[in-house]
Amino acid sequence: MSKSDSLQGSLDLLVLKILSRRPRSHGYAIMSAIKDSSADVLSAEEGSLYPALHRMEEAGWVRSEWIRKDSGRRARIYELTAAGKKQLAQEQERWQTVTSAVNRVLRTV
Amino acid sequence: MSLWSRIANVFRADRLNREIEEELQLHIEEAIEQGRDPVEARRAFGSALRQREESRDVRLVAWIDSLRADAVFGLRRLRKTKVTSAAAILSLALAIGSCTAAFRLIDALLLRPLPVAHADQLYSLAHHGTGFDGKPSTYDSWSAPVLRLMRDAAKGQAELIGVSISSRAELTYASDQEMERAYLQYVSGSMFDAFGLPPAAGRLFTENDDLQPGANPVAVISYDYWERRFGRDPKVIGRTFHLGNDIFQIVGVGPEPFTGTETGTVIDVFVPLMMNGSILRGDSTWLRTLVIMNPGVPIEPLRQKLAAVSLAFETERAKGFTDMPQGKINILLKEEISMDRASAGSSNLQKDYSRSLIALGTLVALVLLIACANVANLMTAQAASRAREMALRVSIGAGRWRLVQLVLVESAWIGALAAAIGAAFAWWAAPLVVRMINPPDNPARLALPADWRVLGFAAALTLGVTFLFGLVPALRASSVKPASALKGGEDPHSRRRLMHALIAVQVAFCFLVLFVAGLFVASFDRLSHQPVGFSADRVLLLDTTTAHAQPASAWNEVVDRLRAVPGVETVALSEWPLLSGVGRNNYLSIHGEPPKDPLCFFLSVSPGFLDAMKIPLLDGRDFRLNDVDPGAAIVNETFVKTYYNGENPIGKTFYRTYPKRVPALIVGIVRDARYRSLRESMLPVAYIPFSRNDAIRNATILVRAAGANPLSLASILRQEVPRARSEFRVRNLRTQQELIDAQTVRERLLAMLALFFASVALLLAGIGLSGVLNYSVLQRRREIGIRLAIGAPAAAIARLVTMDVSAMVVAGAVAGLALGTVSVRYIETLFYQIKATDLRMLALPALAVFLAALAAALPAVMRAVSIDPVDTLRSE
C-alpha cells in the first residue's frame, strides 16, 4: 500500500499539476489531460490513478465532491486544497532538483 | 479526510464500496465512449476487487474495520448458541451486578470522601480501653469540656470540630399539636467554615454563634430537608421553631451535597454546640471529635499531645469519683487515644456494617469468579468445536493476534452484555439493601450516587472479567496447529485438564461461600430464637411525651383511660421499652460495702408491667401504686446470683452509689429477661417504681391487645392519649416484636444475602460441572462406544466419565475447607454463639456440594450410558 518510489512520486506531481491548472476535474479527465499535455508520452495507469487520488484525499491535498454531469450521471470531481498547493510546490522543486542532478550526471559522463 | 471520518467509514462500508464502484464504472464508460475497447478498458484496471480493497483501505482505519467484522461475527456466533450464551451472560450479569451493587454500598459507606474541603485531612478521635464487661472496647464519644481543651491544645496544628451523635428531635413550627421529628445534630460553630462550605441560601452559622452557652439559638437546615420539608421556599430563612424550651431561628441552608458527617444519616437541622444542655458537663460524652489536620503537620505528635490533654482531664475528673471501684478508675485512666482517618465521615452505621459489607463483597467476588470459570469453560469447550475453523483461518493467512482478537471480541460481547444487565441489577439492588437496614423509626439513608466512581468500577470489572475468562481460551484457540487440527487429531487432554482445574477452583469457592453463608444463617437462627424472657405477643409500645413534665399521677390517669378502650387487655408504663438499646446503670453497694463490679442495670416500671410483659414473678410481690422511687426494687435472677450468691434477698436493702447513695428495698424476684440487647450476656437488672418525686416528661405506655392484630388499635390509642390529658402526645408507636426484630436486622440481612449468593454459587458450580461432563462425554463418545461394544457394564462407563471430575470436586472441597477455616477468623465478630469448627457447619456445605455434583453429573452419565455404539462409530 505505502509504496513511495519515484514513479509514484511523479504520478502525484502530475495529478496535482493537472488539478492546479484545471480544478474540478474527474478521474477520466485527469488521465486524459496527462496523456494530452505530454503529447501521448506519459500515461497514468487506471490501476494506480484512483488509489493515488484517494490517498491524496486522505492526506488532505485534494478534496472531492459528487456532481451531476450534463449527461445526468454522477461523477466525483477533485480540486486542490491549500495543503495540496503547498505540496505541489514542494514536489515541483524536488522534481527540478532531481532532474537537473540527473542531467548533470549525464553531461559529465 | 479526518481520522474521525475514517472511523465513521468503518460503519458505512457499504456506501463506501458503492461510491468507489460508481467512480470506476464512470471511468470505464467514458473510456469506451472515447473509443477504447471495452474489454481492454476493464482489464486496464487490473483486479477490480484489489482495486476496491486498495481504495477502500485508505478511506477507513483497517484495524477498526477488522474489529467491526469480528464483532459482527462474534454476535452471530452468540446468537447461534442461544441457550448456552444466555446462561453465560445471565450468570455473569448476576455476578457483575452483585459486585457492582456491593461496591456501591461499600463506596458510599466507607470510601467516598465527604463533599467538604480537606476531606483527605480529616481524622476522628477514639478511645480504646476496657469495657464494663472486661472486654476491649472502643468508643468515639467525648464530652464538650475535654473537646474544648483539646481544641486549644491543637491550635495552629489542626482544627478540632465537635459533632453530636445525631438524634431524632421533636420540632414545632406552629402549635404543640404539630410536633414533627427531624434529625438534629449539634455541631461546632466553626464547622461550616472549616469545611469550606458555602450556603445555598441565607448564611451558615460561624464560630461567633458558638461562644456562650445558650446564647445563639440559630439553626442551619440541610438542603435535603429544605427541599423535602419546605419545597425550597426561600422564605424559610428567618422562620422559627421550638425545640425543648428554646426557640431557634433558621438562618440559612447548607450546600446541596453536604448531608452531615454521619454517613448513613441525612441530617435535617444543624444547631451550635453551645445550645446543648450538656455543654458544660464533663461526665456526658455526646460528641464525636473530628480533626482537620493543617497541611504538613505530622499525626503522631499531635495524637500524643491530645492524649495527654485527655488524660489530664480524666485524672482531674476522677478525683471527684468517691464511690467508684478503684479498678474501674485505673482502667479509665489507661485508655489509649487513636486518630483514625475519617475522610468518608464517621458513623455507627459504618462501625456496625463495614465488616458485614466487606464479608458480603468477598462472597460476591467469589461468585463472580465462579461465573468467570463457567464462562471460561464454556469458551474452551466451544474452542474445541472450533478447532477446524481456527485451523482454516490460520491456513489462509490469519495472524495469531487476529485469532486472539477474534475470540476476545466474542468474550467482550459476553462481558458487555452481562455488564449492561448487571448494571440494571445493581441499580435496583443497592438501594434495596439500604432499605433493609431499617431498625424501626431509624432507617439508614445513604447517598448512593451512580457517578464515575461506580461506572469506572463497573467498567474496570467488566474488562478484567473479560480478560479473566477470555484470554486463556483465546490464546489456546490461536495456538492451533493447522495440520493436526484439520486432521481432527488434536490432543484433547490438555483442554480437559484446564477445564478440570477450573472445576476444582469453582468447587473450592462454592464450598467457601456455602460455608460462610451457613455460619451467617446459623448465627441468625440462634439469635432470633434466643429466648427473651418476656412475651412480645400483641404488645404495642406508645412512646409518649408531654409538653411539660408531668407527675406520675397524670401518667396513671392516661393509663386508666387506655384500659377502658375496647380490645385492650392490659396497660402499663415503663421509662423505655425492653430491647430498645437504651439502658441505665450504676454501681451498687451491698450490705453497706464499698461499690464493686459488675454494674447493675435499672428500669423504672409501673405496677402491672411485669404482668403485661409476662415476666414471671418468682417470689415476693409486684409494685403497688404507692411504691415510690427511691424505695422499692424488684430484681432478676442474675441480680440475685451476682450480688447475693443466690440467697433469697427479699427484705434486704442495697444502695445505688452515683451520684449519691440511695437505698432500695428488694420486694420481689422475677425471672431473667433480656434488657437492652440480645447479644450481651444476661445482665443483673433491678426494676424500680415508675412513680418518683420529680415530674416525668417521656415514657413508654405499653398496651397488650386482646385481639391478634394489635396494630388495629393504633389510631384509636393515638387519639385517646391526648383526649385523656391534653398535654400528652404519642410521638411514636411500635410493636415490641419490631424491637426484637431490629436487634437482628444485621444478622437477617447477612443471612438472607449470603443464602442467596450461596444458592447462586451452587447453581453456577452445578451448571459448570454439568457442562464439563457433557463436553467430556461428547469428546470421548468414540471411546465409550467401543467400550460399550465390547461389553463394558454401565457402572464402568459411569465411573470412567465421572472419575476425573469427582477427584476434582473432592480436591476443590478440601481446598475450600482450608480456605474457609483460615478466612473465617476475620469475620468471627459477625457470628453469634457459632463456632466455625463445629462439625455440622462443615458437614452442611460438604453435603450440598456433593448433592449438587451428583445432580450435575446425572444427565452426562445417562447420556454416556445410552450411547449407541453402532451409531457413534458409523458417524465418525
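The domain bounds I use come from an automatic or database domain assignment. Keep in mind that this is a predicted model. For chain B, the assignment gives domain 1 as 3-60, domain 2 as 119-343, domain 3 as 349-528 + 745-875, and domain 4 as 539-707.

Take domains 2 and 3 of chain B. Their C-alpha centres are 49 Å apart. In the contact, domain 2 of chain B supplies five residues and domain 3 of chain B supplies six residues. On the domain 2 side, one residue is nonpolar, four are polar and none is charged.

Next, the cores. The largest nonpolar core holds 126 residues, and B:Val367, B:Val513, B:Ala754 and B:Ala761 have the most contacts inside it. Helix H17 of chain B, residues 492-528, gives the most to this core, with 22 residues. What does B:Val367 touch, leaving aside neighbours within four places in sequence? Its contacts are B:Ala95, B:Ser98, B:Val513, B:Phe757, B:Val760 and B:Ala761. Another core, apart from that one, has 60 residues, including B:Leu562 and B:Phe623.

Last, the helix pair. Two packed helices are described by the angle between their axes and the distance between the axes. For helix H6 (residues 82-111) and helix H15 (residues 452-478), both of chain B, the axes come within 10 Å and cross at roughly 145°. The crossing of H6(B) and H15(B) is right-handed. H6(B) contributes residues including B:Phe103 and B:Arg104 to the contact, and H15(B) contributes residues including B:Phe457 and B:Leu461. By class, the residues of this contact are eight nonpolar, two polar and three charged.

Technical notes
Residues numbered from 1 in each chain as written. Chains lettered and ligands numbered in written order. Predicted model: local features only at pLDDT ≥ 70, side-chain atom pairs only at ≥ 80, totals over all residues. Core = buried A, V, L, I, M, F, W, Y, C linked by C-beta atoms within 7 Å. Buried ≥ 20, exposed ≤ 12 C-beta atoms within 10 Å, placed from the backbone. Helix = DSSP H or I, 4+ residues; strand = E, 2+ residues; numbered from the N terminus. Contact = placed C-beta atoms within 7 Å. Nonpolar A, V, L, I, M, F, W, Y, C, P; charged D, E, K, R; others polar. Axes fitted to C-alpha atoms, helices over the stretch in contact; angles between N-to-C directions. Left-handed = near helix turned anticlockwise from the far one by under 90°.
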